[in-house]
Amino acid sequence: MTLTLSKVAKTFPDGTRALNPTSLEIAEGEILSLLGPSGCGKTTLLRIIAGLESADAGGTLSFNGEDVTRLPVERRKIGMVFQNYALFPNMSVRGNIGYGLKMAGLPRAAIAARVAEVVALCRLEPYADRAITALSGGQRQRVALARAVAPRPRVLLLDEPLSALDAALRTDLRDELAELLRAVGTTAVFVTHDQDEAMAIADRVAVMSMGNMLQIGAPEALYRRPADAFVARFVGNAMPLGGRIEGDRLLIDGAVLPLAQPAHGTTAWVRGEDIALDDAGPLPATVDAVTFLGTHYRIKLTTTGPAPLFSLHHGHSAPRPGDTVRLSIPPHAILTLPAAA
Amino acid sequence: MRIAKALQLTLTLLACAFLLVPTIQSVLAGVTANYFRGLSSGLTLKWVAEVWSLYSGSIFLSIGLALACLVVTTLIGVPAAYALARRPGRGSRVIEEFVSLPLAIPGLALALALLQLYGSLQGFRAHWSFILVGHVLYTLPFMLRAVLAVLAAIDLRSLEESAATLGAGPWRRFIDVVVPNALPGVLAGGLTVVTLSIGEFNLTWMLHTPFLKTLPVGLADSYASMRLEIASAYTLVFFVMIVPLLMAMQWASSRAQRMFR
């Protein structure tokens, strides 16, 4: 199903603008992630799509061309996975999964068949007759997803579905969730504040900040060509280099770094994996701290720039805190971006 | 150690005796042929039969009142608790306190107010529903608070929202999600309501008419105007009526609570 949002905005009764007018089109079967820090309006946008919040006058929302802006939530035929799962404690796993089908007025046999199908899809067979309270966090998450997809919703909405799990489990379930969403094949919108999650699961990622949608695109595109400093910082932790760009050169206190193309008047940013320790490099720095992380070292460096730089160093040895080193950055790895608004 | 244990046991037994001996004595008095001559006068069920013939109306009236009171407090208390739980805030706190007010006011004052207001409506004044109104006023806060406590402990909003996304309208959400999850509170509140209604004396004493005596009012009446054996037999009947009822409700309530653990 194609989901179209046109100038959708939200102002809360106390006057807070949670979401500035946003237009967006999500294609049939696409998985879109809304990524941003807390308070950026991503959950509000998701709740507007669900029908749990109403959009300000002037905005429209349509499913496959059908205007659903005024349709109450219970008639939108959506599926939603809540942050805390909100499973019904008074029903078994099967009862939870079958609830949407019961509401749709399906006959008993059809409900049982569809529940069995979804239970198998989500690999919940051993738990199907358990009480909700007898499930672990990961199992609850799968039940919540199974319950949402059972009635074949037109769009699947997921509100931080992994945030209630502990870190070790989260990575496993992230890949499992991505696989399940592909298997279900429904158009899905997925809210998260975790860039790794967004990249691992979504076809396209929309980065949001302070009620605005800053950039929307495939994960690679956002990473390699961020539209502004906020996106660069949020997706892939880019760090400001400081200095001044003149033509195709970046000048930092006498050091000169070449750029791939002229980018006069913009600011320069770089990611940790692109900063190399290089005795012949142009940029001097002092080592502040070194953290060994197994696959690489994370080295905190002070330059004359506005913020410390963190270099991801893949060597067999690392300099010691207090050492003076020289850095080089390949020209194509320096991101030239307009300053963040 | 042994001495401490023995002391503890003695103290426990003494406390039990302190509570049980008067009870046993009262029960025995109810089945003794002549209390002043003691047990040697023989055991009899004569007094119990007499109580039954004199006061069986009171027993049924009390049970009927308690059940009616349970129904009314459930019908008012559950939706009210739901409304308060959905809109937590200053206004809700004020309403909650206001509903609880009858607890702080002596039953006599409450009864007097009811009499002043409705006493002149003859049909209502002499009807059992007049006593019911008093009982509901007095027991409603117990039902309301018990249900409210349970509803406050669950994330009602997201449960209802998730039911809504699955296609449930407001009424289905209330029936399928709110009521079952409030059930432990309803049962706990119901237990209190029935107990209080059956034992209520203050209010009922003021509100009753000679044809509408509840169990406690009848008890006072038998203490005041019958011989001691009958009053004691009355206590026995009271016990026999109340204890199984309370045990059944306790069992139902703990069973429901286990279902949700």
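**Exercise 1.** Which residue's side chain meets that of A:Arg47 in a salt bridge?

*Solution.* The model is predicted, with local features requiring pLDDT of at least 70 and side-chain atom pairs pLDDT 80 or more, whereas totals for chains, interfaces and linings use all residues. Residues are numbered from 1 along each chain as its sequence is written, and side-chain values use heavy atoms, without hydrogens and water. Apply the criterion for a salt bridge: a side-chain nitrogen of Lys or Arg within 4 Å of a carboxyl oxygen of Asp or Glu. The partner is B:Glu161, at 2.6 Å from N to O. Between chain A and chain B, the count is two salt bridges.

**Exercise 2.** Determine the extent of the contact between chain A and chain B.

*Solution.* Step one: with contact taken as heavy atoms within 4.5 Å, chain A contributes 21 residues and chain B 22 residues. Step two: the buried area (accessible area, 1.4 Å probe, lost on putting two parts together, summed over both) is about 1800 Å², of which 60% lies on carbon and sulfur atoms. Step three: A:Glu74, A:Asn90 and A:Met103 provide 29% of what chain A buries against chain B, more than any other three residues.

**Exercise 3.** State the confidence assigned to chain A.

*Solution.* The pLDDT is the predictor's confidence in each residue, from 0 to 100. Its mean over chain A is 88, and 99% of the residues of chain A reach 70 or more.

Notes:
Chains are lettered from A and ligands numbered from 1 in the order in which they are written.
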